[in-house]
Amino acid sequence: MTELSRRQVILASGAVLIAAPVQARAPGEPASARSRWGLLIDTGKCSAECNVCVETCKAEMGLSGHDRPLTDAQYLRKVNVRDPATGAAHSVPVMCQHCAKPACVDVCPTGASMKRADGIVLVDRHICIGCRYCMMACPYKARSFAHEDQTGQQPYLPRGKGTVEGCTLCVHRIDEGRPPACVEACAAKARGAMLFGDLNDPKSDIAQRVAREATSRIRADLGLEPAIRYQGI
Amino acid sequence: MSSSNAAYTQVRPYTRGWLALMAGFGAVIIVALGAVWHMEHQGHWVTGMTNQVVWGMPHVFAVFLIVAASGALNVASMGSVFGREDYQKLGRLSALLAVALLAGGLAVLVLDLGRPDRLAVAMTHFNFKSIFAWNVILYSGFMAVVGVYLWTMMDWRAGRFYKPAALVAFGWRLVLTTGTGCIFGFLAAREAYGAAVMAPLFIAMSFAYGLAVFILVLSVSFKMTRRPLGGDLSARLLRLLGLFVAANLYFTALLHVTQLYFAGRGGVEAFILWNGGIHTTLFWVGQVGLGGILPLVIAYGGCGHAVRKRAMMASILVVLGGLAQVWVIVIGGQAWPLDLFPGMEVSSTFADGHVHAYAPSAWEVMLGLGGVAVALVIATIGMTALGLLPSGLETATESRGCNN
């Protein structure tokens, strides 16, 4: 592991500030509908060359691929968006949007795709039969199918061949009162384009910024009410 | 129960032809099981499927067989529900074929799951908001309903249940095909789908595919068991097939007109209809040309072949065109990229923004053909074990040419 530079230490302290208000969940305490975890991503601070969030996600989730981009899992990707009329370009991190009305949950025959009370959308690998209907239904292409045996798994993220998976919003960290790994890394090593917090808590930074500033959601027209909001697109 | 007037005989087993047929089907099934073992053992990366095209060739076969299954029951319904006595003698074979095709399709579907070992989970955990879960119930129920229907046709003591069973079976098959169409019709995320017309389109598809498969099985089984098959019946079935093919073409046109009417769906329509490569070719040449217009010409137009041969030719074309049609719907619909940012150009390491390639692997094709073989084995065993096949379908004249 490389030494952190002074700049990175200073930026990391900023990450703590950004992510500090998260409340840890006591062991055994169920997730509560009082919270609605979400992200606010400022695309103005997100450069096309920067992949810190993507790389951190892979490391955090143990997504060791097989160098087969079409079948390797990607929980978080950078989508380069360009307006052909004006030439304006953005690089947008896209992951599971943790919709309030998730299409994946609606179509899943067994209930393996599920939404926690606090709005985090997950897959129960024990009852996922690998039908991939959720992948057909997701308008964000946010899910991956485990096409082969998995290695280098993390204890908090069991992955199984033949089941579907996707961004968990780092639920294992949220339950411990920590922010998602991508958010922390973006603040520490990049320009802090991601803000994580409870959209239901009017005192949280994210709720206040969403109330104060113009934000958008990808494919808002579909009415799925994602918890991931964007600025600058 | 008029069908009791007809004589039915079992197919004689262990003849040279019977053994050869079963050996051939058995070989295909063994190869398919080998392909399943390989795909399950290695994982789906050995198939042509990716994280972009998640349903591949097995789904083409499975959807075709499932859709054809409900359509195959129509012949029985013609006799029982609509009182066409000529068709009543075909009711037993129609019901058997419906169950056999559904079993073959479901076998493919289940064996293509990422976790086929969790079939019990699929049968015990239901999310009732999911069309897929509803379909599991509809498929299982179809087997039971058609089983009862078949029993009422075969047992004279159950005759009083014949009509009610026929009505339930007819209603059930319509709902079942509606459910299969809705698997696609409710997918708002994919531009090629997300249209309510998918439900009637699938019903029209089932009418055509099911009757085509029925004609083929009827003709081949009669020929192999040396039973007389009159030209009048073939002519009637062929005209009916033409009607169903026309309905399928109509709803196909309606789907695309609907899509063109939607703002923002011009891209996917241009892809399917104009510049989609293999998908466009399969649409115009396979689905519309070979599977639509040509069978119509054969059914109603001029040609010099005997009507039985014409019925066979048209049926083969409808089956091939049907496979092309399901390909265009299932694969073509996924090949078109998701529109995350309408009006924008996009790219990513996850293949956003460009048309997705898909080439089926041999494993997938083997699995699909295995489903067809499963259906035909069940049909053959059914005809062997039970008196389902009429001993003959005699008619006054053997129609020739186009004067039928």
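In the predicted model, the side chains of R82(A) and E345(B) meet in a salt bridge, with an N to O distance of 2.7 Å. This pair joins two chains, because R82(A) belongs to strand β2 of chain A and E345(B) to strand β2 of chain B. R82(A) is partly exposed, its relative accessible area being 36%. E345(B), at 40% relative accessibility, also counts as partly exposed.

A salt bridge is also formed by the side chains of D352(B) and R77(A), at 2.5 Å from N to O. The pair crosses between chains: D352(B) is in the loop between β2 (345-347) and α14 (362-385) of chain B, and R77(A) is in strand β2 (residues 77-82) of chain A. Both D352(B) and R77(A) are buried. Within chain A, the side chains of E165(A) and R159(A) meet in a salt bridge of 2.6 Å, N to O. E165(A) is buried, with 0% relative accessibility, and R159(A) is buried at 8%. Salt bridges with shared partners also join E60(A), R173(A) and E184(A) into one network. Over all chains, the search of the whole structure finds 20 salt bridges.

Strand β1 of chain A (residues 37-42) is largely enclosed by the rest of the structure, since six of its six residues are buried. In a regular strand, side chains alternate between the two faces of the sheet. In β1(A), W37(A), L39(A) and I41(A) point one way, while G38(A), L40(A) and D42(A) point the other way, and all are buried. Five bridges join β1(A) to strand β8 (residues 194-198) of chain A, and these two strands run antiparallel. The bridge partner of L39(A) in β8(A) is F196(A). Strand β9 (residues 228-231) of chain A runs parallel to β1(A) and is joined to it by four bridges. Here D42(A) stands opposite Q231(A).

Helix α13 of chain B (residues 307-335) has 29 residues, which at 1.5 Å a residue should span 42 Å; the end C-alpha atoms are 40 Å apart, in agreement with that value. The helix α13(B) bends by about 30° at V328(B). Of its 29 residues, 22 are buried, so α13(B) is largely enclosed by the rest of the structure.

The rings of F184(B) and F202(B) are stacked, because their centres are 5.7 Å apart and their planes lie at 25°. This pair links distant parts of the chain, with F184(B) in helix α8 (residues 162-185) and F202(B) in helix α9 (residues 198-224) of chain B, 18 residues apart. F184(B) is buried at 2% relative accessibility, and F202(B) is buried at 1%. The rings of W327(B) and Y358(B) have centres 5.8 Å apart and planes at 50°, so this pair is tilted. W327(B) lies in helix α13 of chain B and Y358(B) in the loop between β2 and α14 of chain B, so the contact ties together parts 31 residues apart in sequence. W327(B) is buried, at 8% relative accessibility, as is Y358(B), at 11%.

One aromatic cluster consists of Y133(A), W55(B), F132(B), F184(B), Y193(B) and F202(B). Charged groups also sit over rings: the charged end of R68(A) is over the ring of W45(B), 3.6 Å from its centre, and the charged end of R265(B) is over the ring of F262(B), 4.3 Å from its centre.

Terms used: Residues numbered from 1 in each chain as written. Chains lettered and ligands numbered in written order. Predicted model: local features only at pLDDT ≥ 70, side-chain atom pairs only at ≥ 80, totals over all residues. Heavy atoms only, no water. Expected span 1.5 Å × (residues − 1). Bend = angle between axes of the 7 residues up to and from the residue. Buried < 20%, exposed > 50% of the residue type's maximum accessible area, 1.4 Å probe, protein only. Salt bridge = Lys/Arg side-chain N within 4 Å of Asp/Glu carboxyl O. Pairing = 2+ DSSP bridges. Phe/Tyr/Trp six-rings, centres within 6.5 Å; stacked < 30°, edge-to-face > 60°. Lys NZ or Arg CZ within 6 Å of the ring centre and 35° of its normal.
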